[in-house]
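Let's take a walk through this structure together. Have a look at it first, and then we'll start with a helix and move on to the ligand.

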Amino acid sequence: MTPQARYDAVVVGAGFAGLYMLHRLRGLGLSVRVFETGDGVGGTWYWNRYPGARCDVESMQYSYSFSPELEQEWEWTERYPSQPEILRYLEHVADRFDLRRDIRFGTRVTRAAYDETEHVWRVETDRGDRVAARHLVTAVGCLSAARVPDFPGAASFRGPSHHTGRWPHEGVDLTGLRVAVIGTGSSGIQSIPIIAEQAAHVTVFQRTPNYSVPAWNRPLEPEYQSWVKANYPGLRRAMRESHTGLLDPGNPGSALEAGDEERAREFEARWAKGGVTFLGAYGDIGISSEANEHAAEFVRAKIREIVADPEVAEKLSPRNHPLGTKRICVDTGYYATFNRPDVTLVDVREDPIVEITPTGVRTAAAEHPADVIVYATGYDAMTGPLLAIDITGKGGLSLRRKWEAGPRTYLGLMTAGFPNLFTVTGPGSPSVLSNMIVSIEQHVEWIADCVARLRAGGVAAIDADPLAEDAWMAHVNEIAGQTLFVRADSWYLGANIPGKPRVFMPYVGGVGVYREKCDQVAAAGYEGFVLSS
Ligand code: NAP
C-alpha cells in the first residue's frame, strides 16, 4: 500500500456492521478499505469465545435481512445462536459476498483527522498505513473496548487471567482448576454454569446481582425454521417497525391495572417462554417503579425457588435497581449453579476485593485461592471504542475533547464538527437497546443512501448542524428521563467506568419511531445537516 492510498470510504471494523457497510458501499461502485483489529471477521463474535457465549436474540431474528438468498440458504441450528455458529455465519457472509479482499486484518486504526481543504479523512493505523478517504464510517461496535478493573496486585497473579471478551482462541482447559470469576453481567451469568461443570471450584465475585431469565435454549424446530423462511418479508417488516427490533411486540397493558392472578399468569408464561421478551410483559415495567417491582419480585421469588440456601438466594436477588434498567440476562442454569457444593458466592459489596495476590483474590474477610481468574467485568461501552481512536475534526477539534462531558450526536449518526464521519449505532441511536442487527442494517442503509445522494449531487461534505444536535440530545435525554433507566448504575449510563460522565447514551424511543425520524430527515434533504459543495 502506498502512503498516499486513497479510497472513497474507509470503514473501521469488520463485524456485522462493517461487513454490511462494505457490501453496500461497494455496491455503489465506491472503493472501500476496511480496517479490522482482529485477524478475522466477526467483531464481537470474533473476540467473545468464553464458555457459553451465545446471543440472547433468537437466531432467526439475529441475522441479516438484506439478502433473501442468504436468508433462505443459511440454516441455524438452535433457538439462540452460539458464538461459534454466529462466527461461521459471518465467515460465510464474508465469503459469499467476497468481502475479505477489501479488509485489512490485524490492523487497528489509531488516528483519523479531517482535512478541511480537501474534504477527506486522513487515517492512520498501528501497521503504518496512511490513507485518505472522503467518507469515514466507524463500525467499531458498542461493546468492544474490554475493561479489566484496576485491582491492586493484578499483575502479580501467577496463573492465567482472561477477560471474557478477549478469550484465547485455542480455548482454556479449566478441568480440575480453582477458578475465580469476577462479574455477574451477561458474560458472567452465561459462563459461570459451564465453568462450574469443568472446574474443581468456582468462586464468583458479585458486586451487583442481576435479573436473569432462562433461555430454554433448544435445537431449532425445522417446521419453525421453514415457517419463518416462508414469512421473512413480513416478519422483518414487523421487526423494523417495532420498538426493540424483536418479533415479540410486547404487551402494551399496565401491570398495575392487572390483578394479582393475571399478572402471575403473564409473568409465568413469559418465564416459561424464556428470554429478553420477559420485559415485554407489561408496557409500564420500564416507566413505573410500582409496575416494575411486580416483575422484579416475580424474578426474586424464582431465585428463592431455585436456590436451596436462603442466604445465597438473597445475595443473588437484585434489590438496588429496577428490572431491565441494567441489561436483563438470559441464562442456562445460572441460579441452580449456586446449589453446587463446589461453587461459592462472594458479595463484594459486603466483603470487597482488596487485592489480587499471586495465588488468588483477597477480600476484606478472606483469601480465595485461584488457579485462573476470569474477568467478566464488562466494557467501556459505546464511546470507549470510538474514543480509543484519536479523531480530530474541523479546526483540529478532538472528539475526546468534544465528548468530555458525554457523547453528543445528531441521530447517533454524526457529530457536529466532524464532516463525513458516520457512526454506525453510535450513541444517541437505539443500538444496544434493540436487536443490533436491525439497528445496524438501518444505519448502514441510511448511510449508504446518504453517500450515494451526496455523490450524485456533487456535495463534498455533510456535517451535523450543532443546533439540530443540541435538540436531538435534549430529546434523547428527555425521554430517557421519563424511564426507570436512569435509576441504575449501568453501562448505558457509563456508570461502570470510574470518572466517565453519567449520560444515558442510547435512544429509548424505539427502532420504529427512530427509523421514521431518520427517513424524514433524509427525505427533507437532510434536515439538520449542513451540506457543502
Ligand atoms: P457487564 O454487564 O458490564 O457486567 C460486568 C460485571 O462486572 C458486573 O457484574 C459488574 O458489577 C462487574 N464489575 C465490574 N467492575 C467490577 C469491580 N471493580 N469489582 C467487582 N465487580 C465488577 O458486562 P458483560 O457481562 O460483559 O455484558 C456487557 C453487555 O454485553 C451485556 O449487558 C449485553 O448487552 C452484552 N452481552 C450479551 C450477551 C448475550 O447476548 N447473551 C452476552 C454477553 C454480553 P456492577 O454491575 O456492579 O457494575
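Helices here are DSSP runs of H or I with at least four residues, numbered from the N terminus, and the expected span of a helix is 1.5 Å times one less than its number of residues. Before we use that, keep in mind that this is a predicted model, where local features need pLDDT of at least 70, side-chain atom pairs count only at pLDDT 80 or more, and totals for chains, interfaces and linings use all residues. Residues are numbered from 1 along each chain as its sequence is written, and side-chain values use heavy atoms, leaving out hydrogens and water.

Now find helix H1, residues 16-27. Its 12 residues reach 17 Å from first C-alpha to last, close to the 16 Å expected. Nine of those 12 are buried (under 20% relative accessible area, with a 1.4 Å probe and protein chains only), so H1 is largely enclosed by the rest of the structure. Among the buried ones are Phe 16, Tyr 20 and Arg 26. Just after H1, Gly 29 takes a positive phi of about 90 degrees.

An oxygen atom of the ligand sits 2.6 Å from an N or O atom in the side chain of Ser 187, and a ligand oxygen is 3.0 Å from a polar backbone atom of Ser 186.

Terms used
A polar contact is a pair of N or O atoms within 3.5 Å; within protein, one must be able to donate a hydrogen and the other to accept it, and residues adjacent in sequence count only if both atoms are side-chain atoms. Helices (H or I, at least four residues) and strands (E, at least two) are DSSP runs, numbered from the N terminus. Buried means under 20% relative accessible area, exposed over 50%, partly exposed in between (1.4 Å probe, protein chains only).
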